[in-house]
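Q: I am new to this structure. Can you show me how to read helix packing and sheet layout?

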Amino acid sequence: MNTSLFQVDLNGVLKVLSDSLYSSYQVFIRELLQNSIDAINARKSLEAFDPFISVSYFAEGENGVRTVCVEDNGTGLTLDEVDEFLSKIGSSSKSRKGVDRDTFIGQFGIGLLSCFMVSDEVVVVSRSAKGGDAVKWIGNIDGSYQKMTIDQDIAIGTKVFLRVKDTVKLDEELLEKLLQKYGSFLEVPIQFSVNGFERKSLQRQFPWLRQTQDDSVLRLGREKFKDDFSSYIPLRDRTGKTTGIAYIIPRQTHFGTTNAHSVYIKRMFITDTCMDLMPEWAFFVRVVINSENLSPTASREEIYKNSTLEEVREDLGQCIKDYLIELSESDPDTLKQIIQIHSTALKFLALNDTEFFAFIAGWFSFPTSEGSLSLNEIKERTKNILYISEIDHFRQILPVARANKQLIINAGYIYDTEILTGLGAIDKTASYQSIDVEYYGNIMKDVSIETIDKVGGRIQDLQYHMEAFSCELELKSFAPESLPVIFFMSQKSVLERDIKSIKEESDDLWAGITDAVFDYTHAYHSRLFLNYSNPIIQKLLDAPKAKQDRLFMETLYINSMLLGHYPLNNDELDIMNNNMVQLLEIII
Amino acid sequence: MIDIRTESDLKEALRFVGRNAHLATEDVEKASLLCITRAQEFKNIDLEFEARTEYLNVANYRHKPDAVIAMFPWLLKKCDEARDRFDYAEVLWAYRWVISSTKQYASVPKAKLQMLWDDFERRMWDYGAQETTIYEMKFYFYAETGELDLAEEQLRLYRAAPSGGELQSCPRCSPFLMACYLFDRGRYEELLETIDPVMKGLVSCHSVRRYKLHMAMIAMMMLGRWDEAEKYALMSRKELELDIAILFPFSSHLIYYGITEQFEKGRRIFENQFQYTLMSVPDLQRFEFYTGALVFFTRLQRSGRKNVRLSLSENQLLYEPSSMYSVDSIVSLLTEQIGQIVNALDNRNENDHYKQYAETLRLRYDHIQKPVAERP
């Protein structure tokens, strides 16, 4: 059996690289910088030297062609290595056995190919630190190459020359931007020159690694994410190999927002759009990290999703929790501010982390009948904590609660009910009770027997007009006197009302099946508590049976539904419109 | 719950419900109902469709088949009015739930059941569903209405037909098609072979573990493999939450805890699950739960206990303010209830399948006794 080698069409490979692997031709500069850094690190393992990387741009090179040259004084290549590593796709000096891969960013052996996205010809001139002659390699877009030794006394290192294609958009400004983006945090400064004149030296430090205290951390976040951050959290994983900063977004974020984070690996920029770096709940921060233990994918534009990433994610999440816990002692006002802005995210986190829940629950604020109060403040006022899980119910009974000087919590916002229910199970210093409008119906003062005897018949008359709505009238006496009625419809009733309406619009088959399986448990769908302390209700009950009773009761019912934010069905809408017409007729 | 004031809030709330439906909490159900209400207020039929679809999903997770069935016609009607506007495939998928549950209610007449089935089958063929989907659903249909010969015939067709395609059960779950049937027939060796991937943890989704591990527990017990039965009892119990109606798996636990005299564990299940049998759960599920409970209380009775303390909520069927109940009276009540359900189901199905099945179950568990040395 003969063994043959695959034939690789370089043009086809390049198309794959540019269309599928790399997001833009601009990554060629990152690939070259990465090769330089890896070469420098390789030489460092052999000897001490003063490393440099220089990038030169010639706007008017030979025949007016734009040229880019990237030079380093790294380990360089021998003639054999040129054959091995430049002329074979997928072969990399950094993926060889015995090489410490942790030292290198790249290892896939495809980086140099990205240069063909901007140039039809790549020229490499190199001298190896291992000795021997200088070598030259010329690679062409058609897949051919030449290699040779050259008799020139050049320094150890490598120069890569690219003649930029006419079709590629690249000028000195863009090149400088790309160098800033990809390489400004590298440990070796990049000397950038244009047309032979040194333009600038590019090198920055990650601000969180600096010893000095200034606002450089915040400046980096503002520059990266274009947001006006004022708080941040230092990050560090268990190994210390991943460090960075979580910037707290200075405004409320929608639940479930997935933020894009910025990732550097071994100081080389990888991505500004990493979505998997942080736990799901951490949607109130944006993060910049530099990692020595995460790995890039082959395109080096994303991070590899492996168990290390999972550990890093968990550790960075823990940093946020630890920071908040520490803040409760060192700077409670800032903690309050953060909780106020990001309560949804923190409540979600608390519900999924028992330890964190026990710490933070007391700091959460809830809307109450007395304004927004933290749980600790609520407990200072009452040990019998009443909360309502539905916003509309809260709105309805708010005036009653206030008139009765009773503190109630609006737990209708996301997670609040679960937080308060959870507290009920662990907090033995107070009682937690979920209530609804019916609870008020039950504790509202009953009217006297004499009153019932007096107005019972009248209530029966009025009840007749409510039958069509499946609404039950109940006479109570409550403060404030200005409130004539409170309307109550339970969720179960809302469902039953809805099912009934679906059934009415269904054909016989479905209507019959619904009747056979669905259990309508409520005799009435809703309840209207009439307030006998209210002058209008008193007047209504004292008045004799009248033709206008129906009009009045229907209007009262529909108004109370609208006040409670309950949707009107078609019949109710028709009644409302007809009644308006009748009222107009009476007035006119 | 979420404060929904705008359509954007509503979309956000729907995403919340979608992400959390599987948690099957009351809060998620309330949120999904609120979404329907708000979509109606906004008069946005597309969002209402989405909200009702989400509600159906939540109600299904919360084991409320009556709500699923009653809500479903709205979705079907909207699809029929504007087929291209809505996700018909999703509605047809929900139709499978409807078909599965409806036959379990004795109150649904046979004629209506047949009309429903015809409508379902026509829609599935029209949509281009694979024949395996039809055979699978028909198999369940006949098996649960006591037409066992017809069920076997559908099974044969199912096995002969090519698998795959839309609207079919998840390919990882479809091998367990027979499990319930084998369990009911007492074919435990075959059952264990069928659900082996679940027992080995190769198929690990929650719903499969919830509905299969209890079968492994009973099968092991019936085969006298008591240690393994206990192992699967522990594994199965972890998959079952007490605060939603999961009557079938819990009925198996009642049987097991009764026979192994783990009465405290059984009592806790009964106290928590009994309330759901008084709601609108399918009769077949009530039958299964009462059968399990009857085995449990019969064993309690045999152990010499006259009374049992039960913490039950106030209801018409069984409630003592003192919380002390006579075991004899519970056994009588369960026997009577089972008799009523069996009659209702058999009358509807026009056969005597459940009467015979109830007697088979009584005899099946009556003489099973765990050796004293092996009792936990």
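Q: At what angle do helix 5 and helix 7 of chain B pack?
A: Compare the directions of the two axes, then their spacing. In this predicted model, helix 5 (residues 88-102) and helix 7 (residues 131-144) of chain B pack at about 20°. Their axes are 9 Å apart. Angles under 35 degrees count as roughly parallel, so helix 5 of chain B is roughly parallel to helix 7 of chain B.

Q: Is the crossing of helix 5 and helix 7 of chain B left-handed or right-handed?
A: The crossing of these chain B helices is right-handed.

Q: Which residues make the contact?
A: Look at each helix in turn. Helix 5 of chain B supplies Arg96(B), Ile99(B) and Ser100(B). Helix 7 of chain B supplies Thr133(B), Glu136(B), Met137(B) and Glu144(B). By class, that contact has three charged, two polar and two nonpolar residues.

Q: Now the sheet in chain A. In what order do the strands of the open sheet lie?
A: The five strands of chain A lie in the order 9-10-13-11-12, with mixed pairing. Strand 9 (232-236) and strand 12 (268-274) of chain A are at the edges; each has a single partner strand, so one side of each lacks a neighbour in the sheet. From one strand to the next, the twist averages 15°.

Q: How many bridges join strand 10 to strand 13 of chain A?
A: Seven bridges join strand 10 (residues 242-248) and strand 13 (residues 285-291) of chain A, and the two run antiparallel. For Ala246(A), the bridge partner in strand 13 of chain A is Val287(A).

Q: Which helix packs on the sheet?
A: Helix 5 (residues 216-225) of chain A does, touching strands 9, 10, 11 (261-265), 12 and 13 of chain A. Its direction makes about 75° with that of strand 10 of chain A.

How values were computed: Residues are numbered from 1 along each chain as its sequence is written. Chains are lettered from A and ligands numbered from 1 in the order in which they are written. This is a predicted model: local features need pLDDT of at least 70, side-chain atom pairs count only at pLDDT 80 or more; totals for chains, interfaces and linings use all residues. Side-chain values use heavy atoms; hydrogens and water are left out. Axes are lines fitted to C-alpha atoms, for helices over the stretch in contact, and angles run from 0 to 180 degrees between N-to-C directions. Helices (H or I, at least four residues) and strands (E, at least two) are DSSP runs, numbered from the N terminus. Angles under 35 degrees count as roughly parallel, over 145 as roughly antiparallel, 65 to 115 as roughly perpendicular and the rest as oblique. A crossing is left-handed if the near helix is turned anticlockwise from the far one by less than a right angle, and right-handed if clockwise. Contact means heavy atoms within 4.5 Å. Ala, Val, Leu, Ile, Met, Phe, Trp, Tyr, Cys and Pro count as nonpolar, Asp, Glu, Lys and Arg as charged, and the others, Gly among them, as polar. Two strands pair if DSSP finds at least two bridges between them.
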